[in-house]
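Please look over the sequence and the structure shown here before reading on.

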Amino acid sequence: MHPTAPPRHRLLNDYTDADFTPGILYVDDFILVADKPAGLLSIPAVGDDRQDSLVTRIQAEYPRAQIAHRLDEATSGIVLFSMYQAMLRRIHWAFRQRVVGKRYQAVVHGHMVEDEGEIDLPLAPVPDRNPWHQVDHDNGLRAVTRYTVVDRFERLGEPLTRVALKPITGRTHQLRVHLLALGHPIIGDPLYAPEGSAQRHKRLHLHASQLSICHPFHRTARCFESVVPF
């Protein structure tokens with residue numbers, strides 16, 4: 001079943017007063033690790049008003065930096081850059097081999113029943129409904145997410161759950177659609193959360209909090225962390 005399209009104003013969270021300055025968590029001659037704020041595109045998009053992005057801001061200071069992967073505009077957290085094409089090829093190989101460790105935190109609607117689990121549901125775009133994705137057992141690509149409950153609590157009488165997430169695959173909107181499929185959409189999600197969630201919570205509560213990788217030049221294990229801002 002296709003998700004119902006919300007009114008256009010629900011597609012964007014309110015970032016009017018946001019500071020889109022990315023943080024630099026680490027930099028050397030070969031890689032750069034950035035901390036992307038929510039509401040900033042990873043790369044420029046179509047339209048004169050959609051050119052500001054993490055890439056353009058990072059390249060203003062580090063012209064050789066090339067982005068190695070992306071986060072959704074509404075998602076905050078760690079993004080890896082390479083300073084050389086050869087290093088970028090090694091990083092892309094590591095992502096393809098699934099030897100890059102990625103961890104996220106999210107806050108979702110409702111109290112999740114199980115303390116931990118694995119979501120194994122195939123995902124595909126919703127036809128003619130970009131950017132929506134959905135569980136699609138006929139045409140979807142396999143997508144796997146592991147989760148662990150961190151805390152169950154209430155805010156203004158609303159039951160919420162903080163959950164740690166480990167994506168095994170890297171499909172578009174994977175974490176957002178998988179949590180929706182469990183009946184626990186991420187709060188503030190302008191696409192998949194219930195009506196009014198984006199207005200109440202102002203931002204998508206999804207953050208890329210940790211990235212582990214073998215340094216593409218030094219060949220040593222490195223783990224980078226970003227403080228969860230919610």
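Predicted model: local features only at pLDDT ≥ 70, side-chain atom pairs only at ≥ 80, totals over all residues.

Residues are numbered from 1 along each chain as its sequence is written, and side-chain values use heavy atoms, with hydrogens and water left out.

In soluble globular proteins, nonpolar side chains tend to be buried together. A nonpolar core here is a set of buried Ala, Val, Leu, Ile, Met, Phe, Trp, Tyr and Cys residues joined through side-chain atoms within 4.5 Å. Buried means under 20% relative accessible area, exposed over 50%, and partly exposed in between (1.4 Å probe, protein chains only). The largest such core has 31 residues, and F81, L165 and L206 have the most contacts inside it. Elements that each supply at least two of its residues include helix 1 (54-61), strand 4 (76-82) and helix 3. Helices (H or I, at least four residues) and strands (E, at least two) are DSSP runs, numbered from the N terminus. A second, separate core of 16 residues includes Y26, F30, M87 and I213.

Helix 3 spans residues 174-181, and six of its eight residues are buried: Q174, L175, R176, V177, H178 and L179. Just after this helix, G183 takes a positive phi of about 90°.

The whole structure has zero disulfides, a disulfide being a pair of cysteine sulfur atoms within 2.5 Å. For C214, the nearest cysteine sulfur is that of C223, 13 Å away, which is too far for a bond. C214 is partly exposed, with a relative accessible area of 42%, and C223 is also partly exposed, at 43%.
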